[in-house]
Amino acid sequence: MLSLDRLIVEFDKGLRTLLSEAHSVRPHPDAKIPDVDMSEAEKKQAAALMRVNHSGEVCAQALYQGQALTARDPAVQQKLQHAAEEETEHLAWTAKRVHELGGHLSLLNPFWYTGSLAIGAVAGLLGDRWNLGFLAETERQVKSHLQSHLNRLPQQDEKSRAIVAQMQVDEIGHADMAAALGGAELPAPVQLAMKLNSKVMTGASYWI
């Protein structure tokens with residue numbers, strides 16, 4: 001049974017994710033990279049891609065929190081909490097870059113957060129093996145998604161590219177961690193459903 005205190009803590013985390021400015025313990029990956037001139041079209045495209053990445057990190061934060069909320073093994077809970085802390089840094093990096101490019105964060109983030117929190121909690125209820133398997137598959141798909149953004153970002157936008165590259169490294173680490181802890185391989189239909197759900201989120205967040 002979840003205690004009222006834990007539910008209140010998770011509610012507070014959700015509010016802070018959506019309404020507060022995220023902070024990074026590590027230096028921002030683009031901190032020492034100078035900005036360069038880009039056309040308005042290039043800035044608009046880069047801002048939209050980084051907005052999608054920010055929304056993806058909102059989802060990741062909610063997923064990890066939902067999974068940690070219902071995970072059975074304290075060691076798994078601890079690993080999930082640590083991964084969530086790294087995702088908070090990603091929130092800080094992407095939000096800052098979106099604003100630098102003159103863009104805005106997705107208006108749909110509260111919706112993405114709520115849905116992802118519920119999905120994460122359900123994954124945790126299925127047992128730690130499936131919980132970790134869901135995490136690993138999520139991060140593998142995020143890795144591919146980030147690679148597609150590296151291919152689409154303007155070549156001269158080294159600041160955005162540095163952020164996405166470091167995020168990709170972190171996500172690979174999260175997937176490897178979940179697999180090492182005994183995550184199960186998800187059935188192909190589940191993997192496909194996850195990809196379709198991701199496409200809906202990325203498509204909507206690109207514009208809104």
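The following paragraphs lead the reader through the fold of this chain and then through the contacts between its side chains.

The model is a predicted one. The chain contains seven helices and zero strands, and from the N terminus on its elements run α-α-α-α-α-α-α. Of the 208 residues in the chain, 47% are buried. The accessible surface comes to about 10600 Å², and carbon and sulfur atoms account for 62% of that surface. A further figure describes how the chain meets itself: among contacts between residues at least 6 apart in sequence, 88% join residues that are at least 24 apart.

After α3 comes Gly 102, a residue whose phi is positive, near 85°.

The charged side chains may be considered next. Side chains of opposite charge can pair when their charged atoms come close. In this structure there are eight salt bridges. One of them joins Lys 159 to Asp 30, with the closest N and O atoms 3.3 Å apart. Where in the chain do Lys 159 and Asp 30 lie? Lys 159 belongs to helix α6 (residues 158-180), whereas Asp 30 is in the loop between α1 (4-19) and α2 (40-70). The two residues are 129 residues apart, and the pair thus links distant parts of the chain. Buried means under 20% relative accessible area. Lys 159 is counted as buried because its relative accessible area is 8%, and Asp 30 is counted as buried because its value is 2%.

Other salt bridges lie within a single helix. Glu 100 and Arg 97 form one, at 3.0 Å from N to O. Because these two residues are three residues apart in helix α3 (residues 74-100), about one helical turn separates them. Arg 97 is buried, with a relative accessible area of 0%, whereas Glu 100 is partly exposed at 35%. Both residues also belong to a network of salt bridges that links Asp 35, Lys 96, Arg 97, Glu 100 and Asp 157.

Helix α5 (residues 128-152) holds both Glu 137 and Arg 140, which are three residues apart, about one turn of the helix. Their side chains meet in a salt bridge of 3.4 Å, N to O. Glu 137 is buried, at 7% relative accessible area, while Arg 140 is partly exposed, at 37%.

Phe 111 and Trp 112 form an edge-to-face pair, with 5.1 Å from centre to centre and 65° between the planes. Phe 111 counts as exposed at 59% relative accessibility, but Trp 112 counts as buried at 9%. Tyr 206 and Trp 207 also form an edge-to-face pair, with 4.9 Å between centres and 70° between the planes. Tyr 206 is buried, with a relative accessible area of 17%, and Trp 207 is exposed, at 63%.

Arg 129 lies over the face of Trp 130, at 5.5 Å from the ring centre.

Methods: Residues numbered from 1 in each chain as written. Predicted model: local features only at pLDDT ≥ 70, side-chain atom pairs only at ≥ 80, totals over all residues. Heavy atoms only, no water. Salt bridge = Lys/Arg side-chain N within 4 Å of Asp/Glu carboxyl O. Helix = DSSP H or I, 4+ residues; strand = E, 2+ residues; numbered from the N terminus. Buried < 20%, exposed > 50% of the residue type's maximum accessible area, 1.4 Å probe, protein only. Contact = heavy atoms within 4.5 Å. Areas by Shrake-Rupley, 256 points an atom, 1.4 Å probe, with all protein chains shown as cover. Phe/Tyr/Trp six-rings, centres within 6.5 Å; stacked < 30°, edge-to-face > 60°. Lys NZ or Arg CZ within 6 Å of the ring centre and 35° of its normal.
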